Amino acid sequence: MDDLWYSEYHTPNVRFSIKVTSQLHFEKSDYQTIGVFDSPEFGRFLTLDGIMMLTEKDEFIYHEMITHPAFAVCPGISRVLVIGAGDGGVARELAKYPQIRQIDIVEIDERVVEVSRKFLPQTACGFSDSRVTLFFADGLKFVRRKENEYDLIIVDSTDPFGPGEVLFTREFYGNCYRALTEKGILINQHESPFYEGDAQEMRQAHKRLSRVFPVSRVYQAHIPTYPSGHWLFGFASKGLDPLEDQQESGWELLRIPTRYYNSQLHRGAFYLPNYVKELLADE
């Protein structure tokens with residue numbers, strides 16, 4: 001027990017390991033295996049099907065970057081749909097905005113929510129906001145029934161296989177387009193551009209998204225525990241551009257507390273390295 005490590009293969013030739021003090025939880029739900037571990041460096045962390053989803057130490061980066069850029073472009077967002085996000089981190093960030101009236105969260109696996117509430121309260125605290133309504137359902141089927149209803153859709157999915165696979169399809173993006181209002185924005189996690197397998201998934205997601213939405217941009221963040229640390233997000237809309245339409249002063253007047261995201265970083269996040277631009281241009 002003095003030398004217990006959790007290891008995840010980022011590629012067949014690269015392994016990422018974290019020293020752990022204990023395994024706090026493990027189960028097989030109807031959809032996936034769920035694990036929670038404790039570590040001296042990153043605190044508690046959640047795994048789904050053996051893949052690290054978040055750690056207490058760096059989850060704020062992911063959750064801030066998947067949430068706040070949309071509000072910097074359209075500060076008046078009031079109705080939000082979140083697909084996935086069973087750990088509660090996106091709900092926590094959304095709850096910082098007083099103007100939001102409705103936060104619908106669709107998570108296919110109820111056990112992820114229950115485990116997060118028990119073992120990851122600093123993240124799952126977002127579920128306690130009175131504006132949050134939880135739906136335990138298939139995200140693809142849920143969004144099919146919606147039209148012109150949401151100002152923002154955040155797709156906080158797992159990787160594009162298993163329960164999260166349908167959330168990377170052109171059909172799903174088309175349904176999201178119909179569910180959004182005229183100035184609606186879609187944000188999704190876009191995988192990493194660094195390793196070949198992840199890069200291919202990223203390119204496919206961007207290609208499908210750009211064929212549905214008139215505006216489709218990619219932005220980046222550094223998340224230490226994710227493969228390569230270089231992670232991408234997608235910003236898609238029916239017309240709003242994340243750089244041309246950034247409402248810097250409007251967002252700053254909201255005085256939203258953040259640890260990673262700010263208005264200057266917003267602009268910089270959309271200026272991508274050449275190798276990423278080349279990958280996207282190939283599509």
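**View 1. Surroundings of Val82 in the predicted model.** Setting aside neighbours up to four places away in sequence, that is, within four places, Val82 is in contact with Val90, Leu94, Ile103, Asp104, Ile105, Val106 and Ile154. The model shown here and in the other views is predicted.

**View 2. The largest nonpolar core.** This core has 43 residues, and Val82, Leu94, Leu152, Ile185, Ile187 and Phe233 are those with the most contacts inside it. At least two residues each come from helix H1 (59-73), strand S7 (79-84), helix H2 (89-94), strand S8 (102-106), strand S10 (150-156), strand S11 (180-189), strand S12 (215-222) and strand S13 (230-237). H1 supplies the largest share of this core, 9 residues.

**View 3. The open sheet of 7 strands.** The strands follow the order S9-S8-S7-S10-S11-S13-S12, and the pairing is mixed. Strand S9 (132-135) and S12 stand at the edges with a single partner strand each, so one side of each has no neighbour in the sheet. From one strand to the next, the twist averages 15 degrees. S8 and S9 run parallel and are joined by 4 bridges. Val106 stands opposite Phe135 in S9. Helix H1 packs on the sheet, where H1 touches S10, S11, S12 and S13. The direction of H1 makes about 160 degrees with that of S10.

**View 4. Helix H6 and its cover.** Helix H6 spans residues 170-179, and its buried residues are Phe172, Tyr173, Gly174, Asn175, Cys176 and Ala179. The elements that cover these buried residues include S7, helix H5 (139-144), S10, S11 and helix H7 (196-210).

**View 5. The aromatic pair of Tyr177 and Phe213.** The count of aromatic pairs comes to 16. Tyr177 and Phe213 form one that is edge-to-face, with 5.3 Å centre to centre and 65 degrees between the planes. Tyr177 lies in helix H6 and Phe213 in the loop between H7 and S12, so this pair ties together parts that are 36 residues apart in sequence. Tyr177 counts as partly exposed because its relative accessibility is 29%, whereas Phe213 counts as buried because its relative accessibility is 2%.

View 6. Because Tyr219 lies in strand S12 and Phe233 in strand S13, the pair ties together parts that are 14 residues apart in sequence. Tyr219 and Phe233 are both buried.

**View 7. Charged side chains over aromatic rings.** Lys57 lies over the face of Phe42, and its distance from the ring centre is 5.7 Å. Arg259 lies over the face of Phe60, at 3.8 Å from the ring centre.

**View 8. The open sheet of 4 strands.** The order is S3-S4-S5-S6 and the pairing is antiparallel. Strand S3 (22-28) and strand S6 (51-55) are the edge strands, and each pairs on one side only. The twist from one strand to the next averages 20 degrees. Strand S5, residues 43-48, pairs with S6 in the antiparallel sense over 4 bridges. Phe45 has Thr55 in S6 as its bridge partner. Helix H3, residues 110-119, packs on the sheet and touches S3, strand S4 (33-39) and S5. The direction of H3 makes about 160 degrees with that of S3.

View 9. Glu8 lies in strand S1, which covers residues 4-11. Glu8 counts as buried because its relative accessibility is 8%, and the cut-off for buried is under 20%. Not counting residues up to four places away in sequence, Glu8 touches Val14, Arg15, Phe16, Gly50, Ile51 and Met52. Glu8 and Val80 are 72 residues apart in sequence, and their C-alpha atoms are 33 Å apart in space.

Technical notes
Residues numbered from 1 in each chain as written. Predicted model: local features only at pLDDT ≥ 70, side-chain atom pairs only at ≥ 80, totals over all residues. Heavy atoms only, no water. Core = buried A, V, L, I, M, F, W, Y, C linked by side-chain atoms within 4.5 Å. Buried < 20%, exposed > 50% of the residue type's maximum accessible area, 1.4 Å probe, protein only. Contact = heavy atoms within 4.5 Å. Pairing = 2+ DSSP bridges. Axes fitted to C-alpha atoms, helices over the stretch in contact; angles between N-to-C directions. Phe/Tyr/Trp six-rings, centres within 6.5 Å; stacked < 30°, edge-to-face > 60°. Lys NZ or Arg CZ within 6 Å of the ring centre and 35° of its normal.
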